[in-house]
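Subject: Structure handover

Hello,

Please take over the structure below. My notes on it follow.

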Amino acid sequence: MKRLSDSGRSYWTETAPLPSFPSLADAAEADAVVVGAGIAGLNTAWELARAGLDVVVLEADRLAGGVTGHTTGKLTALHPRVYDTLRTGHGDDAARRYAASQSAALRRVVEVVDELGISCDLERRPALTYCRRPEGVAALRAEAEAARAAGLAASFVTETGLPFPVAGAVRVEHQAQFHPLAYLRALVDDLVALGGRIHEGTRVVELHRGDPCRLATDTGATVSARHVVVATHHPVFDHALLATRLTQHRDLVIAGPLPAPRDPDGMYITEEDGKRSVRTAPLPDGGRLLIVTGEAFKPGTGEDTEAGYARLRDWTEQHFPEVTLTHRWAAQDNSATDTLPLVGRMPAAGENVYVATGFAGWGMTGGVMAGSAIAALVRGEREPWAGLYAPGRLGPALRSAPALLKEQWETGKHFVGDRLKTFGTGTDDPVRDLRPGEGTVVRAKGGPCAVHRDDQGGLHAVSAVCTHLGCVVAFNNAERTWECPCHGSRFDIDGTVLQGPALTPLERRDPEGG
């Protein structure tokens, strides 16, 4: 089997790189500071700048270098099994507001593309949630009916453009897909033209609430602003313990050229078989880029991600034999235990601190929705969507208590159990027996130690205790990262933080002595 590129770079980052910006060197003041530069953060910053505010954006790494740069780029209000769930758990009105807000976000992208003249491969496509097994049909029929009742032009169908039969599918017309980084590149250019200031390589490490708020960064510089927006995927400041209401999952993605006649003409997703998501994007030569996502797993649980990529590749080549796979990457998403994203004022953080998180894999419309909603709140307007996404909501959170308690049980199990289990490879000397590319956690005098052997045979060791809340990390053998099972923090083999909520790196250790 030919090995795909291990760069981890997505097709989007390769074909539409965003401009670079300097780290924050001196103290700054602004009307609003946005922490995090994915689609939610950049869209919020742009909406605020368009409203006349002086805006600063602070990004720990690179613009759109996290989830946004590794998305599939779907713009749709049809999300798997959400409408029947909302109708049952939150009521008909909540389902209608959800559909209206997600549809409004899709329209907002189309409006901005027209207004700024953005070339971002925007295409109108139907969205379909399908099943291949007969036992899934009843649930999809219920979802189609719930989506129609919520205001979407949804129908139940049994024929699709996929190269295999399905038992049934929910279909919604006139949805869209785009090149997310080409879109954001235009937003960034306009944001800078409006006076927005952007700083990459600047990790915010402390938030001092007040009026104005003051943010301390790892560069030593500070920013003062009346309004603060935390759009860091997982909130890096969590005064309201929102982490207890979020679950993490990571998806694998593979992609490659497909002859245009084989295009399935739509955006497809199923929750069967570890999830499968299928879409295509236009290529300069007139062909299509097939993008397949699946093999969802919880980070930090020791999943064999190389085996997951192999299963995804086998599935793709079985159903699309004409594809030539060239790329592979992965993306991480979080979901709220009560289904709805958390967007609005952050509880217990003051009136002028806002948060956007929990998009459950639908951050393209969710991020645009969040930008519009938070900008409206900052302008002093009525809370959009009547508080549907308010992070401080109590009723839905109480109704989702079983899911919340299950997640906390899993977190507690890892926090305690991972300290008690026997680490290593099952040999007398697990470090000696590590093969190139492998990693393991071993017991050492200073506590659990995470050890990786690189392709040249060199050893790299760091503390295996996550710097967020102290859970023990596990090795991802495909991406060669250390991942926390409790809240999804990810670290490079040298301990550098790749993804929060952790703010500080894993401590370096002696690979021979721990």
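The buried residues of helix H5 (residues 137–149) pack against helix H3 (82–89), strand S4 (123–131), strand S5 (154–157) and strand S6 (168–177). Those buried residues are Val-137, Leu-140, Glu-143, Ala-144, Ala-146 and Ala-147. Buried means under 20% relative accessible area, exposed means over 50%, and partly exposed lies in between (1.4 Å probe, protein chains only). Contact means heavy atoms within 4.5 Å. Helices (H or I, at least four residues) and strands (E, at least two) are DSSP runs, numbered from the N terminus.

This is a predicted model, so local features need pLDDT of at least 70 and side-chain atom pairs count only at pLDDT 80 or more, while totals for chains, interfaces and linings use all residues. Residues are numbered from 1 along each chain as its sequence is written, and side-chain values use heavy atoms, with hydrogens and water left out.

Helix H5 has 13 residues and reaches 18 Å from its first C-alpha to its last, close to the 18 Å expected at 1.5 Å a residue. The expected span is 1.5 Å times one less than the number of residues. Just after H5, Gly-151 has a positive phi of about 115°.

Next, helix H2 (residues 39–50). Its end C-alpha atoms are 16 Å apart, which agrees with the 16 Å that its 12 residues should span at 1.5 Å a residue. Of those 12 residues, 11 are buried. Among them are Trp-46, Glu-47 and Leu-48. Gly-52 follows H2 and has a positive phi, near 100°.

Now the cores. A nonpolar core is a set of buried Ala, Val, Leu, Ile, Met, Phe, Trp, Tyr and Cys residues joined through side-chain atoms within 4.5 Å. The largest one has 86 residues, and Val-57, Tyr-83, Tyr-183 and Val-343 touch the most other members. Helix H4 (residues 92–116) gives this core its largest share, 10 residues. A second, separate core of 26 residues includes Val-35, Cys-213, Val-230 and Leu-342. Leaving aside neighbours within four places in sequence, Val-57 is in contact with residues including Leu-42, Ala-45, Leu-191 and His-199.

There are 5 cavities of 30 Å³ or more. A cavity is a set of points, on a 1 Å grid over the protein atoms alone, where a 1.4 Å probe fits but cannot get out; lining residues have an atom within 4 Å of a point. Points are joined across faces, edges and corners, and a volume is the space filled by probe spheres set on them. The largest cavity has a volume of about 60 Å³. Its lining includes Val-343, Glu-383, Trp-385 and Tyr-389. Strand S16 (342–345) and helix H8 (363–378) each give two or more residues to that lining. H8 gives the largest share, 3 residues.

Last, the strands. Two strands pair if DSSP finds at least two bridges between them. Strand S19 (residues 449–453) runs antiparallel to S20, joined by 5 bridges. Val-451 has Ala-461 in S20 as its bridge partner. The two strands form a hairpin with 5 residues between them, and Gly-457 in the turn has a positive phi of about 95°. In S20 (residues 459–463), 4 of the 5 residues are buried.

An open sheet of 4 strands has the order S21-S22-S23-S24, with antiparallel pairing. Strands S21 (474–476) and S24 (497–499) stand at the edges, each with a single partner strand, so one side of each has no neighbour in the sheet. Arg-490 stands opposite Gln-499 in S24.

Best wishes

Definitions and conventions. 1 Å grid on protein atoms, 1.4 Å probe; cavity = no way out; pocket = protein on both sides within 12 Å on 5 of 7 lines; lining within 4 Å.
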